[in-house]
Amino acid sequence: MTGEVFNIQRFSLHDGPGIRTTVFMSGCSLNCRWCHNPEGKLPAPLLQYDDKKCLKCGKCAAVCKKSVHSFIGPEHLLNRSRCDLCCDCVAECPSRALNRSSEVYTSEDVIKLVRRDLSFYGQEGGVTFSGGEPLLQAGFTAECAKGCLECGVPSVAIDTAGNVDRSLFETVLPYTDYFLFDIKCASRDRHVRAAGAPNDLIIENLRWLDRQGPGIFIRIPVIGGINDSNEEMKAIAAIIEPLESVREVRLIPYHSLGAEKYGSVGMDYPEIFGVPDDESMKEFSRITGGVY
């Protein structure tokens, strides 16, 4: 079985317990206004371009049959509407300024990479499938997870926004020890404005998953102007409080470090949000019982 993967990050310390290998899957069912992985929003690959690496040598224009690339003085212009992602330009680029945003992996490819890191995982570490939304490729994710456990990986985690059909959770549940579960907003209307979809299904899935018994790590991105108020945090805390399988609540303050990636895949960065100050984060931690 194959899947679309846009990054594999080794020695990760922030995607579940212990040292982990994080596999980032393409495709997402939400459209969060602050997303820092735009290359993972779509299920299909994109042509990715880094102007800082470009030598302006013109080799890409010489091999491209669709006239995607052109040069006006020192400026490299891309007409992405013509691109069929043949990647002739990627192969020709001497500075690797051009890349395909994601690649097709087999489950065997993923397991082979993971096996290299077995000695680093210890008793707590393992593999985390993230995204995007890894449950949109639930069959592939489950096959990879099963293979990872069979080759001796201590634990498998899935980082999810929860906005998927429950059957996709059921597909991966037998091979998953932990779920990193995002709660962005408690208010339905606020969630629609922030992430492009209501949160009814997300909350239903969270409550159902809690009854199934895997460890749940709640992740709350704290975004200025979106959910950075005591009222919203109290409402989020009310969702979390009855849950019995929650191992940790972690608040993640907004950052704009992914802004430059939007231009690299031909997207406009939607907006810059406020960064919550330390005093606010301390208060939100107190309200939710979380850490940051």
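E279 is exposed, at 54% relative accessibility. The cut-offs here are under 20% relative accessible area for buried, over 50% for exposed, and partly exposed in between, with a 1.4 Å probe and protein chains only. The partner of E279 is K282, and their side chains meet in a salt bridge at 3.7 Å, N to O. K282 is partly exposed, with a relative accessible area of 45%. Both residues sit in helix 10 (residues 278-288), three residues apart, so about one helical turn separates them.

Before going on, note that this is a predicted model, in which local features need pLDDT of at least 70 and side-chain atom pairs count only at pLDDT 80 or more, while totals for chains, interfaces and linings use all residues. Residues are numbered from 1 along each chain as its sequence is written, and side-chain values use heavy atoms, with hydrogens and water left out.

A salt bridge here means a side-chain nitrogen of Lys or Arg within 4 Å of a carboxyl oxygen of Asp or Glu. By that rule the count is 16. In general, side chains of opposite charge can pair when their charged atoms come close.

Next is R190, which forms a salt bridge with E232, with 3.2 Å between the closest N and O atoms. R190 belongs to helix 6 (residues 188-195) and E232 to helix 8 (residues 230-240), so this pair ties together parts 42 residues apart in sequence. Helices are DSSP runs of H or I, at least four residues long, numbered from the N terminus. Are these two partners buried or exposed? R190 is partly exposed at 27%, whereas E232 is buried at 6%.

There is also a network of salt bridges linking E4, R100 and E103. Within it, the side chains of R100 and E103 meet at 3.8 Å, N to O. R100 is partly exposed, at 25%, and E103 is partly exposed too, at 39%.

Now the cores. A nonpolar core is a set of buried Ala, Val, Leu, Ile, Met, Phe, Trp, Tyr and Cys residues joined through side-chain atoms within 4.5 Å. The largest has 62 residues, and F129 and I218 have the most contacts inside it. Helix 4 (residues 138-150) gives the largest share of this core, six residues. What does F129 touch? Leaving aside residues up to four places away in sequence, its contacts (heavy atoms within 4.5 Å) include V23, M25, V110, C144 and I158. A second, separate core has twelve residues, among them L47, C64, L85 and C89.

Key:
Helix = DSSP H or I, 4+ residues; strand = E, 2+ residues; numbered from the N terminus.
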